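Hi everyone, thanks for making time this morning.

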Amino acid sequence: MESTTPSQTDAQESLKMKIVVLGATGQTGQYLVSQALEHGHTVTAIVRNPGKITIRNDKLKVVEADIFAADSLKVHFKGQDVIVSCLGFPASFISGVTGYTTSMSAVVSAMREVRVNRVITMTSWYTEPDSGTQASYLIRFLLLPMIRSVLSNMYEMETFLKNNNDISWTVVRPPGLKNQPASAKEFLTHRGYFVSDSSGNPTGSTMGRGDVARFMLTLLNSNTWVKKGVAITTI
Ligand SMILES: NC(=O)c1ccc[n+]([C@@H]2O[C@H](COP(=O)([O-])OP(=O)(O)OC[C@H]3O[C@@H](n4cnc5c(N)ncnc54)[C@H](OP(=O)(O)O)[C@@H]3O)[C@@H](O)[C@H]2O)c1
């Protein structure tokens, strides 16, 4: 555990930005869109199913595009300040998962073409293959093997971003997610693959999706985690 982060108030006081949200119809994405609009940002939600967006707001534009095709994305990225991704893809034992890398590859290509430099994305605790050794027996031997295909592709995406260092990326790694709105809880952050207590054991193994969105929005106003991965939780 290394530090705490700015509060919700800091995010609300940030400069107003033009934000593209990928995965805006998802459980975290919906919290992120709502909070961004509440803070006065302008949001372009890139979705595959516009009917799933129920929020109505003058500062929200909903567009259909292919998250795996730079040409499809770049027209919507032009003139924007930041891309935020809350995309998620289901685990697959048979074919593996490729959605994180293929979408991020298209995103980065599109960003370069239209000169957008900031991307914030979410993965998970324990993306690094050996990072789960301190986790509880249940997580280490049951949950992690079940979702290994997702974690592996997330880790590949993290590596891809590290190798594209002209881009100002941040990878946010939350623990298990609960469907709870943003709270006023303090964040614990760690530049690693999980947040630990003073003995090195994981602490705070779940948090609300609303708080993940709140953390991601605090990054708009801060350079602290640029070109870094950060594990987070709340206390
Ligand atoms: N569950 C956990 O405990 C946990 C813990 C840590 C991290 N995470 C990760 O956190 C992220 C967000 O989780 P979440 O539960 O908020 O996700 P979610 O509700 O499953 O939302 C996923 C989003 O990705 C979009 N998406 C998926 N495939 C797409 C495609 N081919 N084209 C366009 N959009 C596509 C979905 O669009 P549609 O609405 O159209 O399907 C949806 O908006 C995921 O990567 C997840 O793995 C989860």
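Let's begin with the ligand: α2 (27–38) and β7 (176–178) each supply at least two residues of the shell around it. Before going on, please keep in mind that this is a predicted model, where local features need pLDDT of at least 70, side-chain atom pairs count only at pLDDT 80 or more, and totals for chains, interfaces and linings use all residues. Residues are numbered from 1 along each chain as its sequence is written. Helices (H or I, at least four residues) and strands (E, at least two) are DSSP runs, numbered from the N terminus.

Which element gives the most to the shell around the ligand? That is α2, with 3 residues. In total, 22 residues surround the ligand, and the closest include Thr25, Gly26 and Gln27; here, a residue counts if its C-beta atom, placed from the backbone, lies within 6 Å of the molecule. By class, the shell has 8 nonpolar, 11 polar and 3 charged residues. Nonpolar means Ala, Val, Leu, Ile, Met, Phe, Trp, Tyr, Cys and Pro; charged means Asp, Glu, Lys and Arg; the others, Gly among them, are polar.

Next, helix α4 (residues 99–114), where we find Tyr100. Is Tyr100 buried or exposed? Tyr100 is buried, because 25 other C-beta atoms lie within 10 Å, and buried takes 20 or more of these, with C-beta atoms placed from the backbone.

Finally, helix α7 (residues 209–218) is mostly covered, with 10 of its 10 residues buried. Among them are Arg209, Asp211 and Phe215.

Conventions. A residue is buried if 20 or more other C-beta atoms lie within 10 Å of its own, exposed if 12 or fewer, and partly exposed in between; C-beta atoms are placed from the backbone.
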